[in-house]
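Welcome to this structure! Please take a moment with the sequence and the model, and then walk through the numbered points with me.

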Amino acid sequence: MTESDFIFNNFKISTLPSGSVTWKTPSNIALVKYWGKEGNQIPKNTSISFTLSACFTQTTLEYRERQPDKLISTSLNHQDYNFDIYFEGEKKDDFKPKIQKFFERIEKYVPFIKHYQFVIKSENSFPHSSGIASSASGMSALALCIMSIEKMLNPTITNAYFNKKASFLARLGSGSACRSIEGALIVWGAHPEIEGSSNLYGIKFPYKIHDNFKNYQDTILLVDKGEKQVSSTVGHQLMLNHPFAAQRFQQAQQNSSKISKILQTGNLKEFIALVESEALTLHAMMMTSNPYFILMKPNTLKIIDKIWQFRAETGLNICFTLDAGANVHVLYPEKEKEKINNFIIKELAPFCQENHYICDSIGQGAIQTPNT
Ligand code: DP6
């Protein structure tokens, strides 16, 4: 599919004057990382992620038809969109520029948005100050709400198209958000060996996933609950003139091929080696950029060291991955859950801020919920 397949022009607002929709959309954790983009949110390499389940955003979008004389065209042909945002019950005007930018990017594909006055009400299942990025779940929830409006304006669209376009729109809000529509494993970024993969949207991993990865566990250790030191937008930009960029993008393509096979054969040892290497490479890119950053904290390293020791002693299939921050995602198979949970509580939780961690596992994607 190409970009033009996502343009929807034949709508009649009068058929849908007002209402509201609600979506609950999970976060995701990348196994092969997206770090570097170009143009209109086009990734420099393929990324593959597990969709999560306990960490989610729930967003309600209330819409009401605007009076035609209130539609003012501003510069660059963008309309002055009419919306307010509430986050966990509080009006959040500081979230507006990000949503404004999102609307500007998606207007071409969903031009009906300028005919509505919106109220966006969002909440996260995870604490706001947890260091967990909410752009993936937040942007995908909003994209799905907008798609629900499109579906009501045009009931003929199929579920497959609905999900693809939701992912396409979410990508324009935040790259990783395009991987938060469906589960359990999502591929984003064109790859010659992964059928149907695209730079425009995420797809469900198209091959049979080995049972070893069914209901895989992710315990998120909250090492640093503060605001991110480097926003991912800045981080992606650092890859533009990065001395190792070309090699990194090539490596990510190779790792995507490798992990595709690992996910099918169920080789846990190979999975661990690849996933940990991806996490450390992401941080190595930040440490070697200009300006440079260290996003890990001393406790991040202590946790990694403990995980390595425990794995060597027990032979259990525990490993870690990292986002662009200090928190650690501890990944392990469901059947080793009991022993590994005991270890986490005893040995790793003390390195978390206020002993806080979140128990999550692979999920099946976003769900529409009845309006509250
Ligand atoms: C380190 O999706 O947050 O989590 O497209 O600028 O919104 P934008 O970036 P974002 O980047 C996520 C980067 C990452 C790795 C990943 O999730 O693949």
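How closely do the axes of helix H5 and helix H6 come, and at what angle do they cross? The answer opens point 2, after a word on the source.

1. **Ground rules.** The model is predicted, with local features needing pLDDT of at least 70 and side-chain atom pairs counting only at pLDDT 80 or more, while totals for chains, interfaces and linings use all residues. Residues are numbered from 1 along each chain as its sequence is written, and side-chain values use heavy atoms, leaving out hydrogens and water.

2. **H5 and H6.** Two packed helices are described by the angle between their axes and the distance between the axes. For H5 (residues 245-265) and H6 (residues 268-287), the axes come within 10 Å and cross at roughly 160°. That makes H5 roughly antiparallel to H6. Axes here are lines fitted to C-alpha atoms, for helices over the stretch in contact, and angles run from 0 to 180 degrees between N-to-C directions. Angles under 35 degrees count as roughly parallel, over 145 as roughly antiparallel, 65 to 115 as roughly perpendicular and the rest as oblique. Helices (H or I, at least four residues) and strands (E, at least two) are DSSP runs, numbered from the N terminus.

3. **Who meets whom there.** The H5 side of this contact (heavy atoms within 4.5 Å) includes Arg-248, Gln-251, Ala-252 and Asn-255, and the H6 side includes Glu-270, Phe-271, Leu-274 and Val-275. By class, the residues of the contact are eight nonpolar, four polar and four charged. Nonpolar covers Ala, Val, Leu, Ile, Met, Phe, Trp, Tyr, Cys and Pro, charged covers Asp, Glu, Lys and Arg, and the others, Gly among them, are polar. The crossing of H5 and H6 is left-handed; that term applies if the near helix is turned anticlockwise from the far one by less than a right angle, and right-handed applies if clockwise.

4. **H6 and H7.** Moving along, the axes of H6 and helix H7 (residues 298-314) come within 14 Å and cross at roughly 170°. H6 and H7 are therefore roughly antiparallel to each other. Ile-272, Glu-276 and Leu-280 of H6 meet Ile-307, Trp-308 and Arg-311 of H7. This contact has four nonpolar, no polar and two charged residues. In the loop between H6 and H7 you will find Pro-291, joined to Asn-290 by a cis peptide bond with omega of about 0°.

5. **H2 and H3.** Which way do H2 and H3 cross, left-handed or right-handed? H2 passes H3 in a right-handed crossing. The axes of H2 (residues 135-153) and H3 come within 8 Å, at an angle of roughly 135°. That makes H2 oblique to H3. Among the residues that meet are Met-139, Ala-143 and Met-147 in H2, with Phe-162, Ala-166 and Leu-169 in H3.

6. **A cavity.** One cavity of 30 Å³ or more turns up in a search of the whole structure. A cavity is a set of points on a 1 Å grid over the protein atoms alone where a 1.4 Å probe fits but cannot get out, whereas a pocket is an open set with protein on both sides within 12 Å along at least five of seven lines; lining residues have an atom within 4 Å of a point. The largest cavity holds about 30 Å³ of space, and its lining includes Asn-163, Ser-167, Cys-178 and Glu-182. Helix H3 (159-173) and strand E9 (202-204) each give that lining at least two residues.

7. Of its 14 lining residues, Ala-184, Leu-185, Ile-209, Lys-214 and Gln-364 lie nearest its centre. The peptide bond from Gly-183 to Ala-184 is cis, with omega near -10°.

Definitions and conventions:
Grid points are joined across faces, edges and corners, and a volume is the space filled by probe spheres set on the points.
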